[in-house]
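I was asked to look through one structure and keep notes on what I found. These are the entries, in the order I made them.

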Amino acid sequence: MAAGPGATTDTGPAAGAGEEEGEYVKPFTPEKAKEIVMSLHQPAIFCNMVFDWPARHWTAKHLSEVLHGKQIRFRMGMKSTDTGRTTVPQFETTCGYVEATIEEFLAWNCDHSGISGPFRDYDHSEFWAYADYKYFVRLFEDKTDIFQDVIWSDFGFPGRNGRESTLWIGSLGAHTPCHLDSYGCNLVFQVQGRKRWHLFPPEDTRFLYPTRIPYEESSVFSKVSVVNPDLKRFPQFQKARRHVVTLSPGQVLFVPRHWWHYVECIDPVTVSINSWIELEEDHQARVEEAITRMLVCALKSAEDPHNTRAWLNPTEVEETSHEVNCRYLNGAISAFFDHSRTSKVVETQELKTNGEDMKKNELNVHHLMEVEQTGSQNLPLETVKQEAAGPFGPDLLPVLPSSEKPPSERGGIFENDDKDCVGKGGEHFGKLHCTKRQRRMSKSENATVGQIASNHATAHCQTFISTDDVLDCVVNPQVTKIVAQLLIQGRSL
C-alpha cells in the first residue's frame, strides 16, 4: 500500500497493531525498526509507533504554555497565490525574521485584524510564519526533563530522545526550499496538523540543478521551485522522479540519506519533531563539506568582502576566513582517520579501489554527460516493484513516485482557508484536523550579473560566467566527493 499524494492513515494503535493483556503492542521492535531505517533506501511512513509518546500531545498551544514568555525566531515568507506564484525558490535568505513568543504567533495566526506586536508588519493574508530548526537543547535549556517526552529509542537508538531533536512550528503555507542534507538520514514525527512532502531520489540530483548559494553547512539547495518549476530554464527537471506524501499527526516519516525534499505546511498550525540519525558515510561527508566551505568562502569573499549576507545564511555565524576554514578542513580529515583507525571500517585497499573506480567513472566527463542524457529515471518496472515490496505493510507505508502534477499546477497550494485556528484547549479545528538554518534576502546571482552587465554593456548575458556559475560546478556534490577521496587517499599513502 503506497502513501501517495494526500494520503492519510489512521495512526491509532488499533490500526494494524496487536493487543496483549489490554496493552497495545507496537508493530516493530526497536531492533526491527532500526534494521529498517539502516537498510531501507526509499522514504517510508511508520504508523502506530508513537501512540504512547508524551510528545504526542505537544500542540502549539501546549508548547506556548511550556515555553511561556520565551521568544523564538520565526521566519516570515510570502504566501503563494494563483496570481502571484513565482518560479524562483523562496530561499531563507529572502525572508524576514521576527522574534516572538508562541502565544504571539498563535494570536497573529487567529486574529487577523489590527494585530499589534512583533507580527504587525506582516499581513496574515500575505505571509506565513515558521519557527524552524529549533534545537531542543537551546529551546528547553532550563527544562531538560522534557527531553524524555521524545522516545527515539523505540526506533532502535538507545538513549536517543529530545536532546538530539529539533522542533518545527509553522502556519499555513510555511515551507522549506528543496534541498538535501549532507549528513545522516532523517526521522520526522508529525505532532499537529499536516505537511506535504515532495521528495526526489539522490540519483536525480543532476535534474534538481544543485547549488551551494546561499551557503549553509550541510545543505545543498535546488535552483528549481519544485512546486512551480521554470521548465524553460531547468528543462532537465522534467526527468526528476517526484514522490509526494502527506504526513499526518501520529505518523513518522523516514527520509533516507541524500533524498531531496521540499516540505510545506498545509494546515493552519503544524508542529513537527525530527532527529537526524548519524551514518558511517558522514565521516567522509564532513571532509566534503569542509572543502565546499573553503571554496565558497574564498571565492565569494573575494567577489564582495563586505556583503556576506548576500550569500551566507544568517545561522552561519562562524568566522569565514581562509585560515579558519583550513583548520576546519584539517580537523575533518584528522577526524576521518581517527574514526577509520578506531572502527577499522575504511582500509587503504578500499581507498585504493575507490580511487580506481573514481578514475574510471567519476572523472570521466564523457561518461557523466552520457548519464545525464540517458537519465536514471527509467528504471525497469521490475526494479520498482521489488523496491515497493520490502518490509511494507499496514504499519510501514512506502512513499512511491507520484504521477500527479505538483499542487501549484493543480490549482492551488493551500487546502484550507484562514478561518482555522487553535482552540482554548489546544485542539485544532478546521476542515481537517539550532538554529541550523535561518536566512535573509539574497539575490546574489541576479545582482552579480546585473552589476557586471552595467560595467560591460557589450557583453552578452548568455556568455557571462559569474562566480556562482563557477561555484555550482566546483562545489557540485559529485566534484567535492572526488576531491575528498583524493585528499584522503593522499594522506593514507
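The entries below cover the sheets, the helices and the cysteines.

**Entry 1: the nine-stranded sheet**

I noted before starting that this is a predicted model. I looked up the strand order of the sheet with 9 strands and found E5-E4-E6-E7-E16-E9-E14-E3-E17. The sheet is open, and its pairing is antiparallel. Which strands are at the edges? I found strand E5 (96–100) and strand E17 (396–398) there, each pairing on one side only.

**Entry 2**

I stayed with E5 and checked how covered it is. I found that 4 of its 5 residues are buried, so I wrote the strand down as mostly covered. E5 pairs with E4 in the antiparallel sense, over 5 bridges.

**Entry 3: strand E7**

I moved on to strand E7 (residues 166–171). Is this strand enclosed or open to the outside? I found 6 of its 6 residues buried, so E7 is largely enclosed by the rest of the structure. I then sorted the residues by face. Thr 166, Trp 168 and Gly 170 are on one side, Leu 167, Ile 169 and Ser 171 are on the other, and all are buried, so that both faces are covered.

I looked up the partners of E7 next. Strand E6 (residues 127–135) is joined to E7 by 4 bridges, and the two run antiparallel. Tyr 135 has Thr 166 of E7 as its bridge partner. With strand E16 (residues 269–277), E7 pairs over 6 bridges, again in the antiparallel sense. Here I found Trp 168 opposite Ser 272 in E16.

**Entry 4**

I found E9 paired with strand E14 (residues 252–255) over 4 bridges, in the antiparallel sense. Phe 189 stands opposite Val 252 of E14.

I then looked at Gly 193, which lies in the loop between strand E9 (185–192) and strand E10 (195–200). Is Gly 193 buried or exposed? Its relative accessible area is 2%, and I noted that buried means under 20%, so Gly 193 is buried.

**Entry 5: the six-stranded sheet**

E10 took me to another open sheet, with 6 strands in the order E11-E12-E8-E15-E10-E13 and antiparallel pairing. Strand E11 (210–211) and strand E13 (243–247) stand at its edges. Each has a single partner strand, so one side of each is left without a neighbour in the sheet. Inside the order, E10 is joined to strand E15 (residues 260–265) by 6 bridges, and these strands run antiparallel. Trp 197 has Val 263 in E15 as its bridge partner.

**Entry 6: helices across the strands**

Helix H1 (residues 30–39) lies across strand E3 (44–46), E9, E14 and E17, and runs at about 165 degrees to E3. Helix H3 (residues 102–110) lies across strand E4 (72–78), E5, E6, E7 and E16, at about 25 degrees to E7.

**Entry 7: helix H5 and its partners**

I looked up how helix H5 (residues 282–303) and helix H6 (residues 322–343) pack. Their axes come within 9 Å and cross at roughly 170 degrees. That makes H5 roughly antiparallel to H6. Among the residues in contact are Val 287 and Ile 291 of H5, and Leu 329 and Phe 336 of H6. By class, I found 11 nonpolar, 5 polar and 2 charged residues in this contact.

I then took H5 with helix H13 (residues 477–492). The axes are 9 Å apart, at an angle of about 110 degrees. That makes H5 roughly perpendicular to H13. The meeting residues include Gln 284 and Glu 288 in H5, and Lys 481 and Leu 487 in H13. This contact has 6 nonpolar, 4 polar and 2 charged residues.

**Entry 8: the cysteines**

How many disulfides are there? I searched the whole structure and found 0. Cys 47 is buried, at a relative accessible area of 0%, while Cys 473 counts as exposed, at 53%.

Note on methods. Residues are numbered from 1 along each chain as its sequence is written. This is a predicted model: local features need pLDDT of at least 70, side-chain atom pairs count only at pLDDT 80 or more; totals for chains, interfaces and linings use all residues. Side-chain values use heavy atoms; hydrogens and water are left out. A disulfide is a pair of cysteine sulfur atoms within 2.5 Å. Buried means under 20% relative accessible area, exposed over 50%, partly exposed in between (1.4 Å probe, protein chains only). Axes are lines fitted to C-alpha atoms, for helices over the stretch in contact, and angles run from 0 to 180 degrees between N-to-C directions. Angles under 35 degrees count as roughly parallel, over 145 as roughly antiparallel, 65 to 115 as roughly perpendicular and the rest as oblique. Contact means heavy atoms within 4.5 Å. Ala, Val, Leu, Ile, Met, Phe, Trp, Tyr, Cys and Pro count as nonpolar, Asp, Glu, Lys and Arg as charged, and the others, Gly among them, as polar. Two strands pair if DSSP finds at least two bridges between them.
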